[in-house]
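The following questions and answers are meant to guide a first reading of a protein model. Please keep the sequence and the structure in view while working through them.

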Amino acid sequence: MAGYVVRRLFGMIPMLFAITVFVFFMMHMAPGNAIEAMINPRIKDIAALKHQLEVQNGLNLPLPVQYWRWLVNVLHGNFGWSFGQHEPVIELLGPAMYNTLILAVLAEAFILLLGIPIGIWQARRPYSKLDYTVSTVSFVLFSVPFFVFAVFLIYFFAIRWPVFPAQNATGTGPLAGTLLDHVWHALLPAISIALTAHTVYSRYTRGAMLDVARQDYVRTARAKGIREPVIYRKHVFRNARIPLVTQLGFDLGGLLGGAVITEGLFSYQGMGYVTITAVSQRDYPVIMATTLIFAVCVLLGNLVADILNAVVDPRIRYQ
Amino acid sequence: MVMSTPPVEALAANQSAARGRVSKSPFQLALGRFMRHRMAVASVLVLALIVLVSLCAPWLTHWDPSRQDLNSVSLPPSAAHWLGTDANGIDYFARDVYGGRIDLLIGFTDTLLVMAISIVLGGLAGYYGGWVDAVIMRVCDFMFNFPFILLIIVLESIINTSSVWLLIAVIGFTAWPSTTRMIRSLFLSLRESEFVLAARTSGAGAWRIIFRHLLPASLGPIVVNATLQMANLIGAEAALAVIGFGVKSTTPSWGNVLNSSLDYFTLSTEPWAWVPPALLITVTILCINFIGDGLRDAFDPAFDK
């Protein structure tokens, strides 16, 4: 298992290389750069200043050289300096990752706590009126775009009855609030994500449980006189959770990279929000760092999915 | 002779009855299955209404959805402005009605684009296998490891999209991997079947087998996938617009209308500004998803009870 994990980790390197090369060259192919976005166009002698700043930041070098310098710096743990926020990228991203981690964990917790029990509940009474009703409601919830939920949640729970803060998750600086305060700000965005995303789990859970419930060993368990709740808990659900675990890995990878739209809507200062700001400021070092972190999250998410698969399904063994 | 007549007649009647059932074409059977999905049928009607309203926008309102009128800003609903006006004096009803054109255009065109790319790439990967498959699947993996929305935002900032067609291209060229994978796996399983072997032994080339044999055989799942893809793409476009990365903010689209009313004042005091576009996006996506569900039933012969 350990050998397998190490091999998978090394296997990520070519993919990360390809992604960073792609983003780096695409970004620099566009007209204009961070310097232009930064300096006041009415400054006297703008061309000379621009040239001086470009030389200082190495933006006049050939692109491959620039990429090489970026890569060497990143391997030394230096993600560069944010042109837009005027601070080291790492200090900008640290708190943003912390916020995104809180949002991701909270959202995933809501998704699982809603989706799986609903799926189990449906699987206990399949093809009944209640089952069909819940399925239809899930289908509708699945179709509602999460940003629509977000807007309505903001309207009802932040404006109409101002229970939750609508915006401005506690700043990302060292003076930011306590963990509880962060969680408080993440609640509404997390709910808006979970309201649509949980339906994937309820559907998977229901389907997988019904598949497993047809198996011979379930009939055997029933014939032995084991009580229904125990059959469902110990025999059916234990095997039905295998496909769920795969989905969990994908989800975590995606959520950790930052729920871009949700964070933008709630001005929630996580990775997604930082990325949006960086894109509008053409803040290359930040965009490169967030892209890299996102790709790592997705790849790690896939790896976690495979590992969890082996944990819940003893038939799967990695050599 | 006389004795045997009734059974024969009964048999004949029986046969003609059976033939009456059998003589339904596959299309008619599929249509019947679709019609039994009540929500799907209702969705077709609702969606047709939405499409019709967006197409007939100029006849439904005389207001220009992009002309500002600073003499009448932030008006509440009235007989002249059914849904009031925004902060620039543009009629909300006109923005909503015209907005559907952009959303539906992007959804429809991008679906076609994604399906075209996916059928070619997925078809080649599934038909040839081997290194062709390996290369195409690596590109898919590569695309999957980008966040879809993030990739669009980065691409947009790079090529500075302000035109609808550039946005369509950007969305289209980022959204194809999942469908490509699905078509590849369909073709992978179908290419081992007898009818493909028969086509190959009678000398059919790769393109002919892909487009004339494999594609029609997997039409059902592809059409269902395209429908669901369209719902996704409309949602993605609106989501981008909502955070300000969609079409130009002066172009009326549902996402843009929603985006422009996302301030405390508008949200709290002018529900007529943001509720209609939010509902229009939701209803459109819901209808398309229901139609997809109905098509899934229609293409599934086992669904006939």
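**Burial, salt bridges and a pocket**

Q: In this predicted model, is S267(A) buried or exposed?
A: A residue counts as buried when its relative accessible area is under 20%. The relative accessibility of S267(A) is 11%, so this residue is classed as buried.

Q: Where in chain A does S267(A) lie?
A: S267(A) is not a glycine, yet its phi is positive, near 45°. Its place in chain A is the loop between α11 (260-265) and α12 (271-281).

Q: Is Y127(A) buried or exposed?
A: Y127(A) also has a positive phi, of about 60°, without being a glycine. This residue sits in the loop between α5 (89-124) and α6 of chain A. Exposed means over 50% relative accessible area. Y127(A) reaches 54%, and therefore it counts as exposed.

Q: Which residue of chain A meets R206(A) in a salt bridge, and how many residues apart in sequence are the parts that the pair ties together?
A: The side chain of R206(A) forms a salt bridge with that of D131(A), at 2.8 Å from N to O. R206(A) belongs to helix α8 and D131(A) to helix α6 of chain A, so the pair links parts whose separation in sequence is 75 residues.

Q: Which residues are joined with R181(B) into one network of salt bridges?
A: R181(B) forms a salt bridge with D141(B), their closest N and O atoms being 2.4 Å apart. R181(B) lies in helix α9 (residues 177-190) and D141(B) in helix α6 (residues 130-144) of chain B, so the pair ties together parts 40 residues apart in sequence. Through shared partners, the network joins R181(B) with D141(B) and R138(B).

Q: Which elements of chain B give two or more residues to the lining of the second largest pocket?
A: The second largest pocket holds about 1,100 Å³ of space. Among the 22 residues lining it, those closest to its centre include Y132(A) and H37(B). Chain A contributes two or more residues from each of α6 (129-143) and α8 (179-213).

Q: How many residues in the lining of the second largest pocket are nonpolar?
A: By class, the lining has 8 charged and 8 polar residues. The number of nonpolar residues is 6.

Conventions:
Residues numbered from 1 in each chain as written. Chains lettered and ligands numbered in written order. Predicted model: local features only at pLDDT ≥ 70, side-chain atom pairs only at ≥ 80, totals over all residues. Heavy atoms only, no water. 1 Å grid on protein atoms, 1.4 Å probe; cavity = no way out; pocket = protein on both sides within 12 Å on 5 of 7 lines; lining within 4 Å. Points joined across faces, edges and corners; volume = space filled by probe spheres on them. Helix = DSSP H or I, 4+ residues; strand = E, 2+ residues; numbered from the N terminus. Nonpolar A, V, L, I, M, F, W, Y, C, P; charged D, E, K, R; others polar. Buried < 20%, exposed > 50% of the residue type's maximum accessible area, 1.4 Å probe, protein only. Salt bridge = Lys/Arg side-chain N within 4 Å of Asp/Glu carboxyl O.
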